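Subject: Structure for your records

Hello,

Here is the structure, with the sequence. My notes on it follow below.

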Amino acid sequence: MFATIYLPNFYLQAATRHEPELRDQPIALLDDEQNKAILCQLNSAAEQAGVAVGMTASQGLARCLSLIIKTRQRAQEKLLDKMLEQLAGSLAPYLEATAPGICTVQFTDSRDLPAKTRRVIDQLAVAEIVAQAGIAATPDTSLLAAHLARPVLAVMDTRKFLADLPLETLLLA
């Protein structure tokens, strides 16, 4: 069995982790290392205000005057990734840092996986990090489940899960 722990809006979480007072306000993250600086991640308040990923900062502000624009904090991203790896590694020794903000763990002992995984999600929440986890027979299925989890989703019947899966989820993962 595999568990994938996923931090949604990883870059945005890293940039705003120590500013909880901003969470309810529209926030967009600017990737300033691109040739053309564009918004790369948004919170739901910014999306609801009509801001979209790929816009420039001025386009985002034109849609929402109260938009708070942050830049990526690469040092914070590294710290957040290390924290995720350390906590995910407490579940089992077989761990892969799959992508920024995503860790996949392979279990040899599958007893109480949802409860064990939930403890890691709760530990991340104490550190003010939003995380989701998916548990499944394959790493790919666990990643898809993690995208849909609120906060933990254990997939027991892979065929049924994949058959019912919305196409948008496949595009996200």
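Which residues are exposed on the other side of helix 4? They are Ala75, Lys78, Leu79, Lys82 and Gln86, where exposed means over 50% relative accessible area, buried under 20% and partly exposed in between (1.4 Å probe, protein chains only).

Two notes on the source. This is a predicted model, in which local features need pLDDT of at least 70 and side-chain atom pairs count only at pLDDT 80 or more, while totals for chains, interfaces and linings use all residues. Residues are numbered from 1 along each chain as its sequence is written, and side-chain values use heavy atoms, with hydrogens and water left out.

Helix 4

The buried residues of helix 4 are Glu77, Leu80, Asp81, Leu84, Leu87 and Ala88. They lie on the same side of helix 4, because they cover an arc of only 135 degrees around the axis (the arc of the directions from the helix axis to the C-beta atoms). An α-helix has 3.6 residues a turn, so residues three or four places apart point the same way. Among the elements that cover these buried residues are strand 1 (2-6), helix 1 (10-16) and helix 5 (113-126); contact means heavy atoms within 4.5 Å. Helices (H or I, at least four residues) and strands (E, at least two) are DSSP runs, numbered from the N terminus.

Tyr11

The charged end of Arg72 sits over the ring of Tyr11, 3.9 Å from its centre (the rule: NZ of Lys or CZ of Arg within 6 Å of the ring centre and within 35 degrees of the ring normal). Tyr11 is partly exposed, at 22% relative accessible area, and Phe10 is buried, at 3%.

Regards
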